[in-house]
Amino acid sequence: MDLTAPGDPGFRLAGRNAAWTIEHDRVVVEYADSPGLPGLLRRIGVRTVPVAALSGVHLATGEGSPVLRLELRPGADPYLDVAAGQLRPEHHLYRLELDRDQSDLAAHHARTLALHAELNPDAHLPCPAYLTGAVDPPARLRGYDGEAWLDEDAVRFRWNAAASEAKLRAGDGVHPYAGIHRVEWIRPGLVSGHLRVVAADGSPAAPAASDDPAALLFGLGMGGLTASLLFAAALAVRARTATAGGLDPPRAPGGHPAADPARVAAAVRALHGLVADGVLDPADFARRRDELLDRL
């Protein structure tokens with residue numbers, strides 16, 4: 001799957017909001033350290049995305065300028081996992097805003113990254129484990145009706161005077177990571193949003209977050225986007241690590257999932273583009289093309 005040699009420093013593509021260094025086995029994303037950049041990205045700082053996490057790449061033109069976006073496999077990244085599509089474009093972790101004069105570079109690297117995804121035999125499969133990490137979260141997450149913190153084996157909730165009667169009756173909560181099936185994060189608003197832990201044996205009809213002892217409310221300045229998403233992602237990593245050991249994704253007898261002919265055809269077309277760009281020589285093209293066709 002390598003498109004550059006191991007040890008090659010890769011190519012650095014600098015944009016307005018971030019810089020991507022495209023290496024043979026990963027993409028390193030460094031966010032710009034400027035006051036205009038969202039606090040979430042500045043707090044995270046750097047992301048390393050292995051090519052095994054890629055499912056595709058999207059190239060679009062926003063206001064006349066190219067915008068590249070990495071598409072990751074479901075479950076590959078804890079931030080995208082818990083955000084579940086709720087992040088605005090400016091907060092998206094894998095979106096690169098380029099200048100108009102970088103259009104050709106954007107198209108070239110979009111083809112390179114697309115080929116990485118096409119050559120990834122697991123690109124269409126969910127990840128059983130996170131392939132990217134999470135930065136250290138706040139020590140405690142203050143919400144509207146209480147606070148949460150991460151202990152060695154469990155996440156703990158402590159309620160305050162704003163908590164509902166149901167939460168106060170239930171008392172402070174202790175939720176072991178091994179018993180957490182899912183972390184639910186609803187983006188904070190002025191008077192909305194929450195963090196909820198969903199147990200593997202929990203009822204499908206959970207109470208409203210305001211009355212659920214497994215949910216911490218946001219709002220009125222409590223549980224801001226950056227702090228709450230960092231906390232929720234770190235919690236999701238701990239929960240998934242504690243519950244690891246599920247079945248591996250199904251594979252075809254040859255060791256790879258059965259190939260989709262449309263994906264193979266797209267990969268061969270991408271290889272043609274790399275030959276035209278001078279990235280691959282004809283011998284490399286023939287070898288990689290034959291590897292792809294062998295999967296059909």
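Arg187 is located in the loop that joins β12 (180-186) to β13 (194-199). The model described here is predicted. Although Arg187 is buried, it forms no salt bridge; Glu90, the nearest side chain of opposite charge, lies 5.9 Å away. A salt bridge would require a distance within 4 Å. Leaving aside residues up to four places away in sequence, Arg187 touches Gln86, Leu87, Arg88, His91, Ser192, Gly193 and Leu225.

One of these contacts, Leu225, belongs to helix α5 (residues 225-242). The buried residues of α5 include Leu225, Leu229, Phe231 and Ala239.

The largest nonpolar core has 60 residues, and those touching the most other members are Tyr31, Leu68, Leu70, Leu93, Val155 and Trp185. Helix α5 gives the most to this core, with 10 residues. In soluble globular proteins, nonpolar side chains tend to be buried together. Not counting residues up to four places away in sequence, Leu68 has contacts that include Leu13, Trp20, Val57, Tyr94 and Ala110.

Asp201 is placed in the loop between β13 and β14 (215-217). Its relative accessibility is 71%, and therefore Asp201 counts as exposed, the cut-off being over 50%.

| Pair | Atoms compared | Separation |
|---|---|---|
| Arg187 and Glu90 | side chains | 5.9 Å |
| Asp201 and His181 | C-alpha atoms | 8.2 Å |

Asp201 and His181 are 20 residues apart along the chain.

Conventions. Residues numbered from 1 in each chain as written. Predicted model: local features only at pLDDT ≥ 70, side-chain atom pairs only at ≥ 80, totals over all residues. Heavy atoms only, no water. Helix = DSSP H or I, 4+ residues; strand = E, 2+ residues; numbered from the N terminus. Buried < 20%, exposed > 50% of the residue type's maximum accessible area, 1.4 Å probe, protein only. Lys, Arg positive; Asp, Glu negative; His and termini not counted. Contact = heavy atoms within 4.5 Å. Expected span 1.5 Å × (residues − 1). Core = buried A, V, L, I, M, F, W, Y, C linked by side-chain atoms within 4.5 Å.
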